[in-house]
Amino acid sequence: MKLINQDTFKAFGRKMEKYWTRVGQGFVNAGNNCIRFVSNPKKFVSDYKQKKREMINDIYVPLTHNPENLLEVNALKMYFPIKQGFFKRTVGYVKAVDGVTFNIKHGTTMGLVGESGCGKTTVGRTILRLYEKTGGEVLFDGQNINKISKKSLRVKRPQLQIVFQDPYSSLSPRLPVGEIIGEAVREHKIVSPDKYDDYITEIMEACGLREYHKDRYPHEFSGGQRQRICIARALALNPKFIVCDEPVSALDVSIQAQIINLLEDLQKKFGLTYLFISHDLSVVEHISDTVAVMYLGGIVEYAPTVKVFKNPKHPYTQALFSAIPVPDPEVKMKRIILEGSIPSPANPPKGCKFHTRCRECMEICKVNVPRNLEIEPGHFVACHLYDEGAIAENKKLVEKNSATETAPE
Amino acid sequence: MLKFIVKRLLISIVILFFVMLIVYTLMHSLPTSYVERMARELATKPGSQKSAAQWLVELNAQYGMDKGVIPGFFVWIGQAIKGNFGDSWYYSIPVVDEFNKVIWNSFYLGVAAFILEIFIAIPLGVVAAKKQYSVTDYSVTVVSLIGISLPTFFVATVLKLIFSVKLGWFEISGMRGRDFASLTEVQQFFDVASHFVMPIITLTVISIGGLMRYTRTNMLEVLNSDYIRTARAKGLPERKVINHHAFRNTLIPLVTIMGGSLPGLFAGALITETLFAIEGIGFASYHAMISGDIPFTMFYLSFMAILTLLGNLIADILYAVVDPRVRIN
C-alpha cells in the first residue's frame, strides 16, 4: 500500500520548484534594480518615469473652447493602478476610461450608455474630479477642471453636481435631511442667512418633498424619496451641470418615471445641463438630446439620439439596441446576441477593443485601432467598416496573410 | 425603551444567579481551601491539643463549609440579599470595608488610563485612516502593535528603569512617599498623583493599540462609503468632510464599545497594581482568591458580573442614543 500518491507528490514538487524559481527571479530583479539605481540614480528614475509614460501614453491635441459647449471632454483617461508585491509596485493599469472624447451643449442632456463595467460611472466621476484623471483634459465653461487648485475647485464645486447611483448609501445616516441639503448651501453662501430656511423649503418642494421632512433622517424615507433628496441636494447648490449617475436604476419602474419627469421639469425651470449615465436604453432615448455608447472604456458611437436609435452604425450599438423590446407581439425581434463577456479592462484586446465579440470582424480590426469618423454631421463612429482606407488596408492584409500561409511549402 | 430596559434587567438577574452559583461551586471545591490550610497551621502550632483532622472538622463548622455546595450557596445568597456579605477570611474585616478601602485606588487608576487612552488612540486611528498606507499609517500601526504585544511587566519594568532608576523622577513603587504624614493636604495629593503616573502610563500603553486599530478600521469603512463622496462633491472643505461626516459615523461603534468598557474601570489591573504595589482591587482580590477566601471572592466576582451585565446594557442603550437608525422597542 502506498502512503503517498507518487503523482501528487511529484506535482507538488514541480509546483514548489516553479514557486521558488519565481521568488528567486524576484530577488534577481530586485538586485538588478538596486545595482542600476546605485550606479546611476538619475537615469533609473527617468527610465522609470519613461516606462510609466509609455504605459499611459497620454497624447492628445489640446482643445479650443467652443462657447456653445458647457462641457468638453478630450481624450480623457482614467487608469487605476494594479499594485502587487511587498513594495506595492505598479504592475499594470485597469483602463477604466481610455481616451473618451465628447462635448455637451448648454441646456442639453447627453446620455451615456454601455454595459456594466464599461467605465460609465468612472467617466462621470472623473469629469467632476472626484478621481484624479490619468490623461486628457476636461473643459468646463472653457476652464480646465484638472489644472485649477484644490481650493478653487472647491469653490467651483457647486456648479458641477452629481446624483449618485445608490440613494441608500449616498446619504449620511447621521444627518437630518434639511442638513444634508442645506449644509453646503451655508458653506458656499449660496443665499443670505435670513433667506436660508425659505430657500431650502423651496428647493425641497420643487423636488416633491415636504417641509416637515427637514428634521427626519434618511432611513425614514423610501428609495424614491431618497433619490429626491439626492436631487434636491445637488440642486440646492444652484449648479449649471449635473452628472446623473444611473439615478433611476435602483428604483422601481413607477418611481423611475416620476424621477425622470422631475429631472426634465427641473431642466426646463433652471436651464440645467445633464450628463445622464444609464444602462436603460428607453430612459436614455426619452431624456437625452445626444447619446454616446461606451464599450470597454472607449466611446464607439456618438450622435444625436434620433440618429443613434434609428440608424445605429457600430456593430456593438446595433447589438445593444437590438435588445430593446418592441411593444408589438406580431413583430419578430431580430436580436443580435453577443458572444462571450466583456474583456478585462486591465488587459484589453489589441486593435479594435470590440473585435473579439464583433460579428463583422476583419483582419485589420485585430491590428489597428479604428479612427473616430464623422460619417454624418454630428454622428461619430469608431469602426473600420465605415473607413474606406481601412477596408483597402484590410484587403492587403488578407492577401499578405494568405501569401504567408501558402509560401513555406 | 423602558420596557426593553426592564426586560433586560430581569434577564440579567437570572444570569447573575447562575454566575454566582458557578463561582460558589468552584470556590467551594478548590483543592487547597482556606479552612484546610488554617487547620494544618493550627495543628502544627506548639501546644495544639488537636490533630489537623480534628481542627478541620471544627473549623468547617465554624466557617459554614460543612453544609455542602448547594445549601452553602443558599445560605450565602440569603445573607447577600440582605446586604450582609460577611467577614473576609483573609483580611479578617467585613468584606465591604476591605472592598471600599481598595476599590477607589483601582478606579482612579482605571479612569485616568481610560481617558488618556481615548484621547490618544482615537485621534491616532483617525489620522492613520485618513492617510491609509502612508508612512504615518504604518508608523502608527507599528507603534500600537508594539503596545499590544509587550507584556505589562515588561513595559512597567522599562518605565521603572528609565524614570526611577536613571532619571529619578518617580518612586519605584508604592502609593505614598515616606514623608507622607508630614505633608499638607495639597502636597499629599501631588505625592499620590506622582506615584500613580507610571502605572497609568503602563495601562495606557498596553491598551492604546486595540482602540486605535478599531477606530482606524471603522473610519476606513466610513471614508470609503458613498456619502463621503457626496460630501466631497458638495465642495465641503476636507476638514469638514472628516470631522463632520466621517468621524460622526465612526463614533457609533466607538461609543458602543467605550460604553461597554465603562464598568471595567472598577475591575482593577492585577499585574500593574502588583508591580507598582498599589493597593487596588485587582491586587486584593488576587490574594483573596489564592487563599480561598470565599466571602471576598464571591463579593468581588458578583460585583464584576453585575458590572459586565450593566456594561452590555449601557452599550445597547448608547447604541440607540447615538444612531438615529436604531430604535429599540
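**Reading a sheet and a chain contact**

Modeller: Let's start with the inventory: chain A holds twelve helices and twelve strands. Keep in mind that this is a predicted model.

Biologist: Thanks! What does the C-alpha trace of chain A span along its principal axes?

Modeller: About 85 × 60 × 60 Å. Of the 409 residues in chain A, 35% are buried.

Biologist: How should I read a sheet, and which strand order does the open sheet of eight strands have?

Modeller: In general, strands of a sheet pair through backbone hydrogen bonds, either parallel or antiparallel. Here the pairing is mixed, and the order in chain A runs β6-β7-β8-β3-β9-β10-β12-β11. β6 (160-163) and β11 (373-376) of chain A are at the edges with a single partner strand each, so one side of each has no neighbour in the sheet. From one strand to the next, the twist averages 20 degrees.

Biologist: In which sense do β9 and β10 of chain A pair, parallel or antiparallel?

Modeller: Antiparallel: residues 290-295 and residues 298-304 of chain A are joined over six bridges. Look for A:Met294, which faces A:Ile299 in β10(A).

Biologist: And which strands does helix α7 of chain A lie across?

Modeller: Helix α7 (residues 223-235) lies across β6 and β7 (241-245) of chain A, at about 175 degrees to β6(A).

Biologist: Now the interface, please. How many residues of chain B are in contact with chain A?

Modeller: The size of an interface is often given as the accessible area lost when the parts come together. Counting contacts instead, 16 residues of chain B meet 21 residues of chain A. On the chain B side, α9(B) gives the largest share, six residues. By class, that side has five nonpolar, five polar and six charged residues.

Definitions and conventions: Residues are numbered from 1 along each chain as its sequence is written. Chains are lettered from A and ligands numbered from 1 in the order in which they are written. This is a predicted model: local features need pLDDT of at least 70, side-chain atom pairs count only at pLDDT 80 or more; totals for chains, interfaces and linings use all residues. Two residues are in contact if their C-beta atoms, placed from the backbone, lie within 7 Å. Helices (H or I, at least four residues) and strands (E, at least two) are DSSP runs, numbered from the N terminus. Ala, Val, Leu, Ile, Met, Phe, Trp, Tyr, Cys and Pro count as nonpolar, Asp, Glu, Lys and Arg as charged, and the others, Gly among them, as polar. A residue is buried if 20 or more other C-beta atoms lie within 10 Å of its own, exposed if 12 or fewer, and partly exposed in between; C-beta atoms are placed from the backbone. Two strands pair if DSSP finds at least two bridges between them. Axes are lines fitted to C-alpha atoms, for helices over the stretch in contact, and angles run from 0 to 180 degrees between N-to-C directions.
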